[in-house]
Amino acid sequence: MNFLLIAGATHGFIFNVATFLYRRRIEMPVVFLNLFVFFLSLNNLQSWLLAKGYGTTLFFAQHFIFPWYVMIVPMFYAFLIYYFGLEKRCATFLGLSKGVFIGEFLVQLVISYGVDVGVFNARILTTYVAFEDAITLGYSIFIFTKVVVLAFRYPKRNPAILKIDNLKWIKRTVVWGGLIFALWTVAVLLNIFSDVMKAPYSYYPLRIASSILIYWTGYQAFFRYMVYKDQVILRREQEKKTAGY
């Protein structure tokens, strides 16, 4: 499990560097795709560090968790929006996602520090982390429903895009995302209601799936986007030639 976590994180960071070096001009879809992989990798890296116990002896450093996972689904949704050329939809939900991330970060910062200095009981932090996970799951599902609607409805309203990209890879990614949300929901329920199976063990299936997702989505989305851009440019050149003729 630890090997999968660090391998997925490392591969994700390498992917980020490689894509930026590969492209002379970085388009917005590539930026959001890289942010999607980046936040996934940060989440895996953090899980690996906590599992291995790499940190200081301070309670705060050992238990504080950055809510990187808040930004994962919004980044993929932003990628799709720019992929389909619908940039105007981006501003509102990105601002909301940043607000959720900052809010969860500050609340956990206060509670973790309070537990560290003895103001709060350690059980409060455990309860809050489970509550935060449930809130983030709900918000991520809300954004994911928008991903599903965009991925399946947009091609029907704009069938011309299917001549350039059949979008099967996007639909497969959405199905894989649905599986991850199912595993995440099970983990949250176990953390709240189970006395036998709790974190970190409840997250193991989810972490395996997310590690695979880094490989699948990163390469599929990046290379499909490259092909898509080439096809768009080719069609425009053909239309210009036809119009000139």
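**Helices, burial and surface patches**

Reader: Is Val 110 buried or exposed in this structure?
Author: In this predicted model, Val 110 has a relative accessibility of 52%. Residues over 50% are classed as exposed, so the value of 52% makes Val 110 exposed.

Reader: Which helix holds Val 110, and which residues form a nonpolar patch on the surface?
Author: Val 110 is found in helix α5, which covers residues 90-116. The patch to which Val 110 belongs has about 560 Å² of accessible area together. The helix asked for is therefore α5, and the patch is formed by Val 110, Tyr 113, Val 117, Val 119, Phe 120 and Ile 124.

Reader: How many helices and strands does the protein have, and what share of its residues is buried?
Author: From the N terminus on, the elements run α-α-α-α-α-α-α-α, and the count is eight helices and zero strands. Of the 245 residues of the protein, the share that counts as buried is 43%.

Reader: How many of the residues of α4 are buried?
Author: Helix α4 takes in residues 72-83, and the buried residues in this helix include Ile 72, Pro 74, Phe 76, Phe 79 and Tyr 83. The helix is described as mostly covered, and the number of its residues that are buried is twelve of twelve.

Reader: How far apart are the end C-alpha atoms of α4, and what phi does Gly 85 take?
Author: At 1.5 Å a residue, the twelve residues of α4 should span 16 Å, and the distance between the end C-alpha atoms, which agrees with this, is 17 Å. Just after α4, Gly 85 takes a positive phi, with a value of about 75°.

Reader: Which helices each supply at least two residues of the positive patch?
Author: The positive surface patch is formed by Arg 153, Lys 156, Arg 157, Lys 168, Lys 171 and Arg 172. Lys 156 is found in helix α6, and this residue is exposed, with a relative accessible area of 71%. The helices that each supply at least two residues of the patch are α6 (122-157) and α7 (168-193).

Reader: How far does α7 reach from its first C-alpha to its last, and which of its residues are buried?
Author: Helix α7 has 26 residues, and its reach, close to the 38 Å expected at 1.5 Å a residue, is 38 Å. The residues buried in α7 are Trp 169, Ile 170, Thr 173, Val 174, Gly 177, Ile 180, Phe 181, Trp 184, Ala 187, Val 188 and Asn 191.

Notes: Residues numbered from 1 in each chain as written. Predicted model: local features only at pLDDT ≥ 70, side-chain atom pairs only at ≥ 80, totals over all residues. Heavy atoms only, no water. Patch = residues over 30% accessible without salt bridge, like charges linked within 9 Å, V, L, I, M, F, W, Y side chains within 5 Å. Areas by Shrake-Rupley, 256 points an atom, 1.4 Å probe, with all protein chains shown as cover. Salt bridge = Lys/Arg side-chain N within 4 Å of Asp/Glu carboxyl O. Lys, Arg positive; Asp, Glu negative; His and termini not counted. Charge placed at Lys NZ, Arg CZ, Asp CG, Glu CD. Helix = DSSP H or I, 4+ residues; strand = E, 2+ residues; numbered from the N terminus. Buried < 20%, exposed > 50% of the residue type's maximum accessible area, 1.4 Å probe, protein only. Expected span 1.5 Å × (residues − 1).
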